[in-house]
Amino acid sequence: MTALSVQNLNVFYGSAHVLQDVSFELGQEPVALVGRNGMGKTTLCNAIMGLVPTRSGFVTLGDTVLTGKRPFEIVKHGLSYVPQGRRIFPSLTVHEHLRMVDPGAKARWTIKRIYDLFPRLDERRHSGAGKLSGGEQQMLAISRALLLNADFVIMDEPSEGLAPVIVDQLVETLKLLAQEEIGLLVIEQKLAVAAELADRMLVMVNGQIALETTSAEMLADEAAQRRYLGVGTMEVA
Amino acid sequence: MQQFLIVTLNGLTQAALFFVVASGFSLIFGLMRVVNMAHGTLYAVSAYIGWSIWDSTGNWWLALIVAPLFAVVVGVLMQRFLLTRVQGDDLQEALVTIAVSILVGDLLLQRYGGSIRQVRPPEIISGATTLIETESLRLIYPTFRLFTLFAAILIGASLWYMLNRTKLGMVIRAGIDDRPMVEAMGINIERTFLLVFALGSLLAGLGGFFGASALSLRPGDDGIYLLSSLIVVIVGGMGSLGGAALGAVLIGLAGQYGLAYTPTYASLITFVIMVIVLAVRPQGILGRSLGR
Ligand SMILES: Nc1ncnc2c1ncn2[C@@H]1O[C@H](COP(=O)(O)OP(=O)(O)OP(=O)(O)O)[C@@H](O)[C@H]1O
Ligand SMILES: [Mg+2]
């Protein structure tokens with residue numbers, strides 16, 4: 001499997017240097033990216049997906065340079081995105097979300113398979129997506145990303161705002177991706193959730209990858225948690 | 001009673017034209033956030049070219065098919081070569097489309113002059129139709145205006161089907177909600193923009209040719225239909241098909257009732273409606289609030 005590689009990526013919002021020489025590689029093994037609010041995690045996702053312009057640096061997938069390509073082209077090369085806040089389309093029904101990106105019956109992920117995985121979505125297939133609960137919306141956001149049959153999925157805080165039971169279900173579902181040989185970069189504020197999903201952990205501070213560690217080490221090191229994640233903003237449980 | 005019915009039908013005819021033209025305007029605005037100030041110009045291009053085709057060949061149906069395509073060509077060229085350069089900059093988009101409207105408007109004036117023209121539709125859909133015939137009431141109405149009403153309903157139904165039942169429609173509605181996210185679903189939204197611009201221009205063009213056939217064609221029509229499109233979507237709600245229909249009926253009827261019963265204040269009524277809607281429901285009667 002080819003790796004997704006980010007090399008010396010720099011992003012500015014006006015004169016604010018929001019991403020500073022960010023580099024890392026993503027292969028088959030899932031990676032969690034943690035960090036306090038406003039550190040640039042979402043900006044990194046958007047930069048990889050081509051949704052914000054980069055000043056310098058590269059994102060490559062195997063031999064293909066993704067930097068400078070339009071988001072839809074980047075998706076065609078094998079990346080898909082579950083954005084922070086889910087960003088489902090309130091004007092569409094559940095089923096329309098899936099139809100919009102219907103890959104056909106021969107693909108690995110098909111609409112039928114999605115409904116088998118999430119019976120709840122099947123039950124609500126004709127509901128307006130805006131009327132779904134937070135957990136259902138998250139399932140939908142994940143579903144439409146899966147239907148793109150990408151090699152890598154980038155998820156920005158998928159557990160945000162969900163009830164603990166729902167988070168547990170979510171974790172189970174996301175573990176499936178690893179079995180499916182789909183690379184996962186997951187942004188996560190809940191350390192326990194991040195640790196369940198990935199062993200490899202990157203810590204972002206002020207737009208830089210400040211630390212590369214493992215979930216186990218981070219869980220064991222309260223000083224590091226305080227330092228990098230801040231007491232109170234990070235829920236360990 | 002008879003007068004009231006006639007005025008109502010006139011209002012509905014006007015509403016039909018407003019609806020067809022404004023639905024195109026609303027679609028373009030809804031998806032692309034472009035206030036196309038040349039929308040009325042596309043109306044006029046199709047109306048005048050349609051007149052020429054009809055005048056030289058005598059074939060109304062040919063003109064109906066070909067003239068709106070000219071509006072599509074002008075609209076698509078404008079989107080492809082001018083608007084893409086200033087994408088996302090509202091002021092520049094407005095200026096570019098105003099420039100196009102002035103240029104094309106003057107070219108039309110040079111070519112066609114200032115006289116009032118009308119396209120005469122073929123026999124089967126012209127003449128008069130008797131709608132009601134009793135001892136006390138006789139209602140006769142121009143057949144073509146009824147045909148225009150019918151055509152507008154057909155166009156509205158087709159648009160509804162496209163928006164609600166086809167993949168293109170889903171992409172358009174999703175794009176109105178959250179454009180970048182549509183692209184992150186692997187969809188080339190630029191291509192959808194071009195399609196929507198073509199469709200919006202086609203609607204302006206159809207409206208233009210129907211207008212020239214049902215009513216008349218004169219310099220200044222471009223401004224009138226741009227303004228009416230703006231008012232219709234402000235009242236009905238931007239980017240909403242139902243809103244365009246409702247707004248068109250309200251504005252069309254109000255205009256004709258005003259002309260018939262309080263000629264002095266006729267043009268005021270439209271603006272009173274607009275002010276009330278803006279005060280009570282700024283996103284338009286059927287519009288969703290454009291929060292994000
Ligand atoms: N569109 C924008 N324009 C200007 N500044 C922005 C924009 N989006 C984000 N920022 C700023 O860039 C910085 C990084 O924001 P980003 O959303 O990437 O952080 P984050 O780590 O995802 O935070 P959170 O945990 O709250 O989601 C913040 O200081 C934010 O205020
Ligand atoms: Mg974020």
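In this predicted model, the side chains of A:Glu96 and B:Arg173 meet in a salt bridge, with 2.9 Å from N to O, where a salt bridge means a side-chain nitrogen of Lys or Arg within 4 Å of a carboxyl oxygen of Asp or Glu. Because A:Glu96 lies in helix H3 (residues 94-100) of chain A and B:Arg173 in helix H6 (residues 167-177) of chain B, the pair joins two chains. Over all chains, the structure holds 15 salt bridges.

Local features need pLDDT of at least 70 and side-chain atom pairs count only at pLDDT 80 or more, while totals for chains, interfaces and linings use all residues. Residues are numbered from 1 along each chain as its sequence is written, chains are lettered from A and ligands numbered from 1 in the order in which they are written, and side-chain values use heavy atoms, with hydrogens and water left out.

**The two chains**

- Chain A has 10 helices and 10 strands, which are DSSP runs numbered from the N terminus (helices: H or I, at least four residues; strands: E, at least two).
- The radius of gyration of chain A, taken over C-alpha atoms, is 17 Å, which agrees with the value near 18 Å that a compact globule of 237 residues would have; the globule rule is 2.2 Å times the number of residues to the power 0.38.
- Chain B contains 11 helices and two strands, and its elements run α-α-α-α-β-β-α-α-α-α-α-α-α from the N terminus on.
- For the 292 residues of chain B the globule rule gives 19 Å, and the radius of gyration is 19 Å, so chain B is as compact as a globular protein of that length.

**Surroundings of ligand 1**

- Ligand 1 is surrounded by 13 residues, the closest being A:Asn37, A:Gly38, A:Lys41, A:Thr42 and A:Thr43, and a residue counts as near if one of its heavy atoms lies within 4 Å.
- Helix H1 (residues 41-48) of chain A supplies the largest share of this shell, three residues.
- Oxygen atoms of ligand 1 lie 3.1 Å from a backbone N or O atom of A:Met39, 3.3 Å from a side-chain N or O atom of A:Glu157 and 2.9 Å from a polar side-chain atom of A:Gln189.
- Taken alone, ligand 1 exposes 630 Å², of which the protein buries 57%, with accessible areas from the Shrake-Rupley method and a 1.4 Å probe.

**A surface feature of chain B**

- B:Tyr265, B:Leu268, B:Val272, B:Ile276 and B:Val280 form a nonpolar patch on the surface with about 520 Å² of accessible area together; such patches join nonpolar side chains (Val, Leu, Ile, Met, Phe, Trp, Tyr) within 5 Å, from residues with over 30% relative accessible area and no salt bridge.
- B:Leu268 belongs to helix H11 (residues 266-280) of chain B.

Technical notes:
Polar contact = N/O pair within 3.5 Å; in protein donor to acceptor, adjacent residues only side chain to side chain. Patch = residues over 30% accessible without salt bridge, like charges linked within 9 Å, V, L, I, M, F, W, Y side chains within 5 Å.
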